[in-house]
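Trainee: I would like to go through this structure with you, one question at a time. Where do we start?

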Amino acid sequence: MSESVPSLVSGVQAGRLSAEALTEGALGVIERAGPLNAFLHVDGEGARAAARGLDERRVRGDELGPLAGIPIAVKDSLCTQGMPTTAASRSLTRDGSARSGWRPPYDATVVSRLRAAGAVIVAKTNQDELAMGSSSENSAFGAVKNPWDLARTPGGSSGGSAAAVACRATPLALGSDTGGSIRQPAALCGVVGIKPTYGRVSRYGLIAFGSSLDQVGPLATDVRSAARLLGVLSGHDPLDSTSATVPVDDYEAACERGARGLRIGVPSEYFASGLSPEVERAVRAGLDALRDAGATIVDVELPHTRYGVATYYVLATAEASSNLARLDGVRFGLRVEAERGNLDGLYGASRSAGFGREVQRRILLGTFVLSSGYYDAYYAKAQRVRALVARDFERAFARVDAIAAPTSPTVAFRLGERLTDPLAMYLADVYTLPASLAGLPALSVPAGLSTATDADPALPVGLQLIGPAFAEASLLALAACVEAACPPSTPEPWA
Amino acid sequence: MVQYEPVIGLEIHAQLRTRTKLFCACPAEYGAEPNEHVCPTCLGLPGALPVLNQSAVELAVRAALALECQIAERSVFARKNYFYPDSPKGYQISQYTEPIALGGALTIDVEGQARRIGITRVHMEEDAGKSVHGAAGDSLIDLNRAGVPLIEIVSEPELYSSTEAAAYMKALRDVLVYLGVNDGNLEQGSLRCDANVSLRPVGSTTLGTRAELKNLNSFRFLARAIEVEIARQTSVLDGGGQVVQETRSYDPERNLTRSLRSKEDAHDYRYFPDPDLPPLRLDAAWISAERARVGELPRAKRQRYEAELGLPAATAATLTAHPATARLFEAALARLDQPVLVANWIVTEVLRGAELHGIDARFTVSAEQLAELLGLLADGRINGAQAKEVFAAMENTARQPGDVVAERGMQRLSGEALRPLCVAAIADSPSQAAAYRAGKRNILGYFVGRVMKASGGAADAKAVSELLEALLAE
Amino acid sequence: MSIEQHDVRHLARLAKLALDEPDIPALATELARIVEYVAELAAVDTTGVEPWLPGAVPAAPLRPDTPARGLSAELALDQAPRRRERAFAVPAFVDDE
């Protein structure tokens with residue numbers, strides 16, 4: 001499936017392609033992709049019915065939406081009415097199995113928008129439990145594997161969505177990004193991933209991790225496909241009090257705009273120690289492509305970058321400790337009653353059986369930073385440092401239109417490599433966290449592959465573009481230029 | 001023996017009279033089947049988000065303005081984190097460091113003395129659900145009430161007796177009901193009171209250690225619970241002991257307060273600003289407009305009715321107890337400037353058939369009907385007995401008093417229409433007439449009685465006696 | 001600030017997590033390392049800096065007070081681990097909030 005989504009949709013609308021055939025194709029790849037463990041629930045029946053319905057509507061001459069007939073995979077953190085929704089956590093199952101997953105009585109706003117646009121939801125994707133992780137190994141239902149090398153992580157937390165697109169099961173997937181959870185797996189899997197401006201896309205129906213950071217966004221095979229999906233997702237939602245009323249730009253038109261006249265800042269803090277030379281080489285080649293396309297490259301400073309990880313882990317875990325309190329075994333999800341007739345016992349047993357170790361660790365950390373006597377030193381302090389991180393960007397964006405940097409300091413790492421060291425895992429997000437903290441739009445676009453060696457195969461590298469609030473269109477314009485120089489590639493077995 | 005004085009502060013939760021809940025569009029009404037008024041947001045389902053109810057903000061501001069508070073142009077909703085089955089999200093959305101209003105006062109009247117009681121703050125928050133205990137080892141959770149909008153009104157510790165505390169709660173209820181902010185229904189829990197009670201040696205200005213009495217949901221229980229708690233603390237201190245800071249509940253059957261077991265960690269609520277809700281911002285101009293809309297409060301009205309309209313205190317209090325009664329009174333008064341007459345009729349006749357439920361009121365007559373009727377009475381065109389008859393005839397109808405009077409042939413018995421009856425009465429009793437003229441003035445009553453009888457009781461007695469006097473003097 | 005085992009127990013009680021006793025020492029060590037790392041924030045000069053607020057929506061939007069149909073009781077209770085008629089059921093507890 002190498003055609004981009006806009007072209008596939010035209011094909012469906014014109015009757016050249018059928019939604020049913022696209023859906024069958026996706027379901028076939030999903031079946032072959034079993035070893036990736038990228039999917040928690042495949043809705044073959046529902047998808048086929050939706051696809052047939054679309055084809056019938058086309059025959060009747062009905063107007064079909066901007067994603068007509070496009071199979072899409074949805075991160076399991078997003079509520080899908082009547083379909084299991086577990087966020088890869090046992091806490092959101094009846095008996096610990098994915099198939100006994102919670103069936104929400106409502107659709108997330110982004111899911112409603114997908115359905116209204118004619119997309120066909122084929123599967124829910126695996127992820128780090130409750131979006132906590134950077135490797136998709138923290139899933140209650142087993143680690144996701146990278147389609148480029150099954151011994152490696154696809155990144156996380158939206159690893160299943162990135163793998164689904166990378167193996168070409170679906171051209172599009174939905175992810176969520178709290179500190180890099182769309183961009184980092186997109187980079188490690190060689191696909192496009194966009195974290196929109198905070199407030200651009202509704203969070204209603206996204207199982208919250210860090211509410212002040214979470215954004216839903218697209219993963220896609222290519223920039224224009226991502227732009228099409230971003231256009232569908234964006235816009236005001238009265239059900240989300242943090243949803244912006246800012247008008248939505250024409251993202252697809254932006255992809256054709258080119259880089260001429262745009263100024264790009266390169267922050268030295270993002271090319272510091274810990275950056276793999278292969279990643280740096282590919283990203284610098286991407287910068288050259290942007291310069292060749294007419295952009296001006298200048299140096300900028302983002303001095304508070306080094307505090308991003310600490311700031312993020314205080315704030316995200318604080319919010320998570322509160323957000324996850326509703327997973328209590330009373331109204332839905334897993335209930336374990338250690339001894340009958342003891343309410344505290346029910347809470348403790350249900351939650352400890354429901355949450356994996358990383359989630360429990362973060363809940364404890366978040367509880368600590370909010371607790372009496374520590375709030376000011378940790379939570380309140382972190383919100384002030386966050387303001388300084390945002391101020392760094394404001395100052396930079398007074399001079400440049402976008403910032404370019406690596407998405408991840410390394411290519412995909414080996415499964416298990418960082419599991420024993422939570423802090424090392426947190427540092428995988430060092431380049432994606434600052435934009436999340438500042439609520440800014442950022443995307444990752446493939447910038448080629450690392451050089452294969454005896455030990456390592458060639459693996460994808462992502463170039464990150466960060467923009468001022470609601471400047472998704474300029475990021476897409478630049479990403480299209482990078483893509484023109486480094487066309488998307490598909491890992492060997494899935495090509 | 002040291003003499004102690006009690007110091008009491010009240011925290012009153014008042015349910016706001018909105019149609020929907022604070023953060024979702026579920027109905028806020030009382031009395032539905034369990035879990036009938038729920039949605040993803042008030043059930044605390046993963047992914048659901050809160051959106052603030054405009055009407056709740058308006059009512060909270062109205063209450064705070066009536067309590068003379070400073071309204072915050074920016075206030076912040078925070079999460080109060082604790083696990084409880086009737087708190088579906090595992091936190092309550094409340095206001096903490098930045099409430100909607102600070103620093104006001106409520107004037108109360110205790111034994112004829114006015115006292116201004118300071119209000120520390122007013123903040124908005126959502127109610128919890130309801131748990132029913134004891135069904136075969138289970139507690140049952142109904143979330144209809146979860147998310148219903150409340151304001152918490154915190155007084156300064158400036159009440160010094162159970163009587164003052166009860167007077168404060170009554171005065172607060174009057175104001176809130178009057179404003180339409182709260183329905184005043186204590187039985188349904190629309191108004192709930194917690195009391196902080198401490199003792200200090202008389203003359204001391206520092207506060208003693210307090211106990212918090214929970215859920216005092218009637219005026220009687222409030223007063224009795226405070227009294228027994230004062231007695232308890234007094235005996236603790238007299239016995240050389242110390243009062244422990246704790247939460248206590250009042251057992252009305254045994255008339256005592258008892259300690260609620262307080263869990264070790266129960267008090268670390270880990271408040272932080274709710275990231276799902278940007279700050280609530282109120283524009284200064286809007287606040288001024290709301291201030292103008294609040295208008296005159298019951299206490300000020302009562303004082304004005306007494307001082308300017310000459311009404312007795314009891315009548316003024318009755319008229320101002322419900323906003324609809326005061327509105328009816330003022331509307332009738334605008335048509336007929338006879339405050340005492342209008343007030344007495346409302347108190348004795350109109351309120352008898354009125355239905356007053358919370359803020360809702362239904363009267364059997366309109367202000368226009370009442371004013372016209374009392375105008376006829378004041379002009380002597382009908383007498384008191386006739387007025388009552390007309391009143392009864394027009395209740396729950398749109399009929400005009402003048403039409404009723406005409407239809408029942410009542411007008412001829414007023415004014416000049418009485419002359420033939422009076423002339424006949426004098427002519428029929430010449431000896432009594434002579435006695436009157438000879439100076440036996442109290443015989444006038446005899447003539448009045450005859451005229452009244454002749455008129456079938458429909459004549460205006462005052463007009464009759466005036467006319468008889470004039471005729472007998474001829 | 002270092003995190004000790006008793007701190008972990010206290011935090012677990014607040015967060016309603018029933019930790020396995022043998023896991024506590026390792027968790028205390030991990031949390032202590034993370035807390036030590038985030039403590040670097042203390043070094044940042046934040047004098048006069050207001051806590052961050054998202055810029056996109058500066059004020060809470062207000063919703064008209066118009067009722068809308070939510071979920072039926074049946075749908076609301078459908079996923080409950082235990083229910084009794086129209087209510088969620090939990091082990092009996094004493095009201096002391």
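**Domains, helix, core and interfaces**

Mentor: This is a predicted model. In it, the C-alpha centres of domain 2 of chain B and domain 3 of chain B lie 32 Å apart.

Trainee: Which residues does domain 3 of chain B span in the domain assignment?

Mentor: The assignment gives chain B a domain 1 at 4-287 and a domain 2 at 296-413. Domain 3 of chain B is then 415-472.

Trainee: How many residues of domain 3 of chain B are in contact with domain 2 of chain B?

Mentor: Domain 2 of chain B brings 10 residues to this contact. By class, that side has four nonpolar, four polar and two charged residues. From domain 3 of chain B, the number in contact is 11 residues.

Trainee: Turning to chain A, what span does helix α3 reach from its first C-alpha to its last?

Mentor: Helix α3 of chain A covers residues 44-59, which is 16 residues. At 1.5 Å a residue, 22 Å is expected, and the helix comes close to that. The span it reaches is 22 Å.

Trainee: Within what arc do the buried residues of α3(A) fall, seen down its axis?

Mentor: The buried residues are Ala47(A), Ala50(A), Ala51(A), Leu54(A), Asp55(A) and Arg58(A). Seen down the axis of α3(A), they line one face of the helix, because they fall within an arc of 135°.

Trainee: Which exposed residues are on the face of α3(A) turned away from its buried side?

Mentor: The buried side packs against α1 (5-14), α2 (19-32), β2 (71-75) and β3 (120-125) of chain A. The face turned away from it carries Glu45(A), Glu56(A) and Val59(A).

Trainee: Which residue with a positive phi follows α3(A)?

Mentor: Its phi is near 90°. The residue is Gly61(A).

Trainee: Which residues touch the most other members of the largest nonpolar core?

Mentor: That core has 286 residues. Helix α2 (residues 162-179) of chain B supplies the largest share, 12 residues. Apart from this core lies another of 32 residues, among them Trp345(B) and Val404(B). In the largest core, the residues that touch the most other members are Ile72(A) and Ala60(B).

Trainee: Is Leu45(B) buried or exposed?

Mentor: Leu45(B) sits in the loop between β1 (4-15) and β2 (52-53) of chain B. Leaving aside neighbours within four places in sequence, Leu45(B) is in contact with Pro104(A) and Pro40(B). There are 25 other C-beta atoms within 10 Å of Leu45(B), and 20 or more make a residue buried. Therefore Leu45(B) is buried.

Trainee: Which helix gives the most to the side of chain A that touches chain C?

Mentor: The contact takes 57 residues from chain A and 43 residues from chain C. On the side of chain A, α10 (308-323), α11 (343-354), α12 (357-370), α13 (376-397) and α14 (422-426) each supply at least two residues. With 12 residues, the helix that gives the most is α13(A).

Trainee: How many charged residues are on the side of chain A that touches chain B?

Mentor: Here 34 residues of chain A are in contact with 27 residues of chain B. The largest share of the side of chain A, three residues, comes from α10(A). By class, this side has 18 nonpolar and 10 polar residues, and its charged residues number six.

How values were computed. Residues are numbered from 1 along each chain as its sequence is written. Chains are lettered from A and ligands numbered from 1 in the order in which they are written. This is a predicted model: local features need pLDDT of at least 70, side-chain atom pairs count only at pLDDT 80 or more; totals for chains, interfaces and linings use all residues. Helices (H or I, at least four residues) and strands (E, at least two) are DSSP runs, numbered from the N terminus. The expected span of a helix is 1.5 Å times one less than its number of residues. A residue is buried if 20 or more other C-beta atoms lie within 10 Å of its own, exposed if 12 or fewer, and partly exposed in between; C-beta atoms are placed from the backbone. The arc is that of the directions from the helix axis to the C-beta atoms. Two residues are in contact if their C-beta atoms, placed from the backbone, lie within 7 Å. Domain bounds come from an automatic or database domain assignment. Ala, Val, Leu, Ile, Met, Phe, Trp, Tyr, Cys and Pro count as nonpolar, Asp, Glu, Lys and Arg as charged, and the others, Gly among them, as polar. A nonpolar core is a set of buried Ala, Val, Leu, Ile, Met, Phe, Trp, Tyr and Cys residues joined through C-beta atoms within 7 Å.
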